Amino acid sequence: MGEIIEMEKIMGKLNRELLVEDMSVSGLVNDAVRKGEGKLTEHGALLIHTGKYTGRSPKDRYIVRDEVTRDTVAFGKTNLPMSEETYLSIKAKVLDYVRDREMYLIRAKAGAAKKSSMTINVLCEDAVQALFSKQIFIRDDKREGYDAEFTVIAVPGLKCDAKKDGIHSEACIVISFKDRLVLISGTRYSGEIKKSVFSVMNYLLPEKGILPMHCSANTDEKGNTALFFGLSGTGKTTLSADPNRILIGDDEHGWSDDEVFNIEGGCYAKTINLDREKEKEIYEAIRFGSVLENVVVDKDGVPDYTDKSLTENTRCTYPLDFIPNASSTGEGAIPKTIIFLTADAFGVIPPVSRLSKEAAMYHFMSGYTSKLAGTERGIVTPEIAFSALFGEPFMPRRIEEYAELLGKKIEALDTDVYLINTGWTGGVYGVGKRMSLRYTRKMVDAALNGSLRQAKFVRDRIFNIDIPDHVDDVPSEILFPESQWADKAEYRKTAEALAERFRQNFERFPEASESIRKAGPTAFVRLLQEA
């Protein structure tokens, strides 16, 4: 995808006799167990505990501000800037730390499409993080030499000094697009490796007219591809792992002019409350070669997926081919259907609704959901959140750039877009109940097979979206949130309060067109106009 940066300066800092290159899965598992990094569960998965960091640490993630990024990265609360001086100091510490230390090198790629892939080298201090990298990225172990388009160095044993280093804490995740280097120190949470590479691709792909997406993707034998957008915990992995469809990928994709392709080669599924009957594909993928994070097991190594004593953000990593119906290429046709997933803690968003192109852009830029407990440090109960593009922390460029790309593709391809609420119904969190997964699957099926196109739609006057009056095998009253609330006045008050939150959030996009603004929740816009 770009200029190849030679690894010799980095490799020259290593003791080559201690460098373990592209070790097999079984070898990495053995090393991890031997070093006390993890232990095997009943079915052979490698169980690890990541310690203090059981989720991403957004306040510790930086992008170096330099001549490459100064005018192209949207620096702010989600893309924290780091000075070149600070970066160079931390880089020197990392390279000094790895000088005489056993390190694992994994040669991999990001991007299944050949013309859009990026070669990466991942250097890991821990065998378990090397195993994670081998299973989550696309393998490239036949590549010779040490050159790569991007390099990741993960050293959880190196703790930073926040005061001396001028950063937030002992952990540090920093991306240098100039050096094409990612440094991760002080945290054993493997998701930082995955999301750093995703962030890199999200910066580079738009330069080629490719829309990078935080979404799952699947297709059928006729090439009818579907995309599932949503933050962690909204159901992307669960709903896309359909035994009747071919899984392209569960989390990160690119959408070019002629295809959708997986950025990764594996899956990173949440396992809290994992149910063998409801999520059979994920459950059976947890075996030798997979990595379980922060799951509690008994003395016989039997996992208890309901135990959240360590974190609610329990995870499992496994290669895509552990899913029986996974695509062998990681590629699919351009999408026929797009589904935005939200877990609404207010219980007022309809379980399924249709979006116009402008409404799709509005909700894409809004990215409303509720942050679920454990996904990030400090989140204990669900909190209302607006994360643009359903993955704003990983999108370095201006939000408008990505939304404009989406709008152009929807218009050119006449793609159907639906908003599906996998959150609460009948009341707010703590009063109402979580939407039935069985009914959600029926709504998704109706969107994918085209039957929703035949439904009659009713406009929700508060949220300005169209609700179908019928979905096969779903009770009609469930489709209309107000009908599920005992107190109708309280429903309207709650719904209007959320509509106002949408309006307030969208003020951050002053350059958005009037047509996009009008496609969002209208309750308070209408009241202001009438006044």
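Val-33 is found in helix H2, residues 25-34; helices here are DSSP runs of H or I with at least four residues, strands are runs of E with at least two, and both are numbered from the N terminus. The model is predicted, so local features need pLDDT of at least 70 and side-chain atom pairs count only at pLDDT 80 or more, while totals for chains, interfaces and linings use all residues. Residues are numbered from 1 along each chain as its sequence is written, and side-chain values use heavy atoms, with hydrogens and water left out.

Val-33 has a relative accessible area of 38% and is therefore partly exposed (buried means under 20%, exposed over 50%, partly exposed in between, with a 1.4 Å probe and protein chains only). Together with Leu-40 and Phe-288, Val-33 forms a nonpolar patch on the surface, with about 250 Å² of accessible area in total.

Salt bridges come next. The structure holds 40 of them, each defined as a side-chain nitrogen of Lys or Arg within 4 Å of a carboxyl oxygen of Asp or Glu. One joins Lys-194 and Glu-252 at 3.2 Å, N to O. Lys-194 lies in helix H6 (residues 191-204) and Glu-252 in strand S15 (residues 252-255), so this pair ties together parts that are 58 residues apart in sequence. Both Lys-194 and Glu-252 are buried. They also belong to a network of salt bridges that links Lys-194, Lys-195, Lys-236, Asp-251, Glu-252 and Glu-264. Another salt bridge connects Asp-141 and Lys-134 at 3.9 Å, N to O. Asp-141 is partly exposed at 34% relative accessibility, whereas Lys-134 is buried at 5%.

Helix H9 (residues 357-366) packs against helix H10 (residues 399-413) at an angle of about 150°, with the axes 10 Å apart. H9 is therefore roughly antiparallel to H10, a label for angles over 145 degrees. The axes are lines fitted to C-alpha atoms over the stretch in contact, and angles run from 0 to 180 degrees between N-to-C directions.

Asp-414 is placed in the loop between H10 and strand S27 (416-421). Its phi is near 55°, a positive value in a residue other than glycine. Most residues other than glycine have a negative phi. Asp-414 is exposed, at 55% relative accessibility, and Arg-453 forms a salt bridge with Asp-414, the closest N and O atoms being 3.8 Å apart. Arg-453 lies in the loop between helix H11 (437-449) and strand S30 (457-460), so the pair ties together parts that are 39 residues apart in sequence.

Notes
Patch = residues over 30% accessible without salt bridge, like charges linked within 9 Å, V, L, I, M, F, W, Y side chains within 5 Å. Areas by Shrake-Rupley, 256 points an atom, 1.4 Å probe, with all protein chains shown as cover. Parallel < 35°, antiparallel > 145°, perpendicular 65-115°, else oblique.
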